[in-house]
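Trainee: I have a model open and some terms to sort out. Can we go through them together?
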Amino acid sequence: MSSFDPTQRPVWQALTRRASELPHLATLLDADPDRFLRFRIDAPQMRLDLSRQRWDEAIRGQLLELAEEAGLDTARKQLFEANRFNPTEGRAVLHTALRASAEASVEVDGIDAIAAVHAALERMRTLSAAVRDGSWQGATGKAIRDVVNIGIGGSFLGPAMACDALGDTDGPKVHFLANIDGTEAARLLPKLDPTRTLFIIASKSFGTLETRSNALTVRSWLLERGIAIEDLRKHFVAISTNVAAAAEFGLPEANLLPLWDWVGGRYSVTSTIGLPIALGHGFEVFERLLAGARAMDEHFRDAPLVANAPVLLALAELWNTNFLGTESHAVLPYATALDLLPDYLQQLEMESNGKSVRIDGSPVSARTGTILWGNVGTNGQHAYHQLLHQGTAPFSAQFILPLDPGHELHSHHDWLASHCFAQAEVFARGRSETDAQAELEAGGMSAEEARAAAPHRAMPGNHPSSTVLLDDVGPESLGALIALHEHKVFVQGMIWGINSFDQWGVELGKVLGSAIHGALADSPEHHEAKPPINDSSSRELIALFRAHQRGT
């Protein structure tokens with residue numbers, strides 16, 4: 001299967017030349033008083049400002065030309081139809097079907113995917129209503145007070161981020177158990193009443209190591225506290241395709257919600273994986289999140305590329321990565337509600353586009369993916385912004401600010417917005433030694449002292465950033481924000497010619513982890529069935545660990 005190589009296109013070479021000719025970002029900003037209007041995009045639930053990207057209209061036009069040569073205009077529509085965008089796993093990619101209207105129809109392997117989704121949504125509605133109104137009862141006839149989602153990766157990061165963003169629940173309290181580190185379970189379980197807790201096992205295969213281990217630990221915990229084995233079904237539901245494994249665990253098919261092969265884990269928060277949202281905040285809130293994502297889907301599908309928020313956000317970051325040489329991308333939400341958004345986007349972007357071969361198996365000829373990190377403002381300003389302002393590593397950034405903060409402390413929000421806008425301006429403009437010296441002299445410092453101090457107060461600037469102004473942090477805005485970044489990832493993958501929907505690097509780690517676990521246990525099964533541990537460092541670390549476990 002052939003794939004697109006962007007570096008072989010004349011427009012790529014033209015963009016490379018343009019990158020070396022660009023002036024400082026402050027010069028670009030000062031040269032055009034209407035620059036903001038030229039680089040503002042209105043999209044569902046948000047306004048996107050790309051005026052502080054280090055580009056101009058000609059560069060934007062060439063990047064759009066590159067996107068068109070990659071077949072993006074056709075591909076973005078195929079994302080809403082039967083497709084095979086994941087050829088290495090032989091799967092369709094249809095996360096857009098998760099929030100499509102019931103009137104739509106997409107057939108995959110002889111099944112109407114959208115009809116299947118809406119049937120599952122009705123089951124989610126019924127289940128969440130039963131838990132929230134108390135008609136779903138535990139083994140002793142008590143209503144559910146706590147819900148624990150057991151899942152990792154996309155089965156954890158998406159719903160955890162959404163639940164955190166939406167604030168306090170008006171239903172049962174929602175918790176998340178993800179890590180194989182027993183500390184998580186050891187700290188959480190004592191806080192729970194086993195007779196009033198519902199556990200969600202979120203695993204497509206029902207075999208993910210971390211999820212299965214935590215589920216078995218919880219199962220034992222319930223049994224040890226008097227929950228009869230036949231009553232486990234009152235305390236467990238699962239989101240999985242593996243009916244047999246769930247039955248072996250003790251769950252009837254009635255306790256299973258479906259998940260489909262055409263939904264990747266990191267794209268699954270708007271699927272049944274979003275059950276914790278519906279349980280904690282209500283199914284109507286989950287429906288509103290779906291509506292926000294659907295609105296952004298339609299914008300991505302229908303808006304011209306030149307006015308398309310996911311497309312232009314993707315092109316700006318591709319420009320930064322491949323032509324301006326930025327080494328990382330900081331996501332800086334100026335909203336405590338979006339505290340977990342950088343963690344969620346790390347998986348979405350880095351697991352999707354961290355690839356070194358194109359779809360046809362040939363090596364990529366340009367950097368792919370982005371090292372993404374960040375946390376909420378203004379906390380970051382008192383931590384790592386010093387490096388951003390005066391360090392030497394090139395980076396790009398995305399600021400996110402809700403217009404409506406969802407609270408009445410307006411003076412706080414005014415200060416928050418002030419800091420957000422100020423940081424973006426300093427990233428772009430910096431401060432020259434001359435300006436720093438003039439400011440110091442104006443403050444009463446002598447010319448000699450000011451000259452000596454000025455280099456320490458100078459900042460290079462010239463760091464590109466985008467700003468997303470969200471309407472608020474409600475369900476619709478959150479859904480739109482999720483879909484914005486999903487489609488950004490898709491656009492970049494198309495242009496790089498890679499598969500954004502497999503994750504074989506993750507799979508290898510799982511295989512090796514299983515082999516090493518056998519060596520730690522030194523079980524006969526390990527010697528008979530597991531590959532030997534050939535790495536000397538691993539062997540010595542295993543020996544040290546086992547010696548400690550034996551107390552020697």
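Trainee: Which residue in β6 is the bridge partner of V148?

Mentor: H175 is the bridge partner of V148. A caution: this is a predicted model, where local features need pLDDT of at least 70, side-chain atom pairs count only at pLDDT 80 or more, and totals for chains, interfaces and linings use all residues. Residues are numbered from 1 along each chain as its sequence is written, and side-chain values use heavy atoms, leaving out hydrogens and water.

Trainee: What makes β5 and β6 a pair?

Mentor: Two strands pair if DSSP finds at least two bridges between them. Strand β5 (residues 146-150) and strand β6 (residues 173-177) have five bridges, in the parallel sense.

Trainee: Why is N214 called buried?

Mentor: Buried means under 20% relative accessible area (exposed is over 50%, partly exposed in between; 1.4 Å probe, protein chains only). N214 has 5% relative accessibility, so N214 counts as buried. N214 sits in helix α9 (residues 209-224).

Trainee: Which faces of β5 are covered?

Mentor: Both faces. D146, V148 and I150 are buried on one side, V147 and N149 on the other.

Trainee: Why are α14 and α19 called roughly parallel?

Mentor: Angles under 35 degrees count as roughly parallel, over 145 as roughly antiparallel, 65 to 115 as roughly perpendicular and the rest as oblique. Helix α14 (residues 341-353) and helix α19 (residues 475-496) pack at about 20°, with axes 10 Å apart. Therefore α14 and α19 are roughly parallel to each other.

Technical notes:
Axes are lines fitted to C-alpha atoms, for helices over the stretch in contact, and angles run from 0 to 180 degrees between N-to-C directions. Helices (H or I, at least four residues) and strands (E, at least two) are DSSP runs, numbered from the N terminus.
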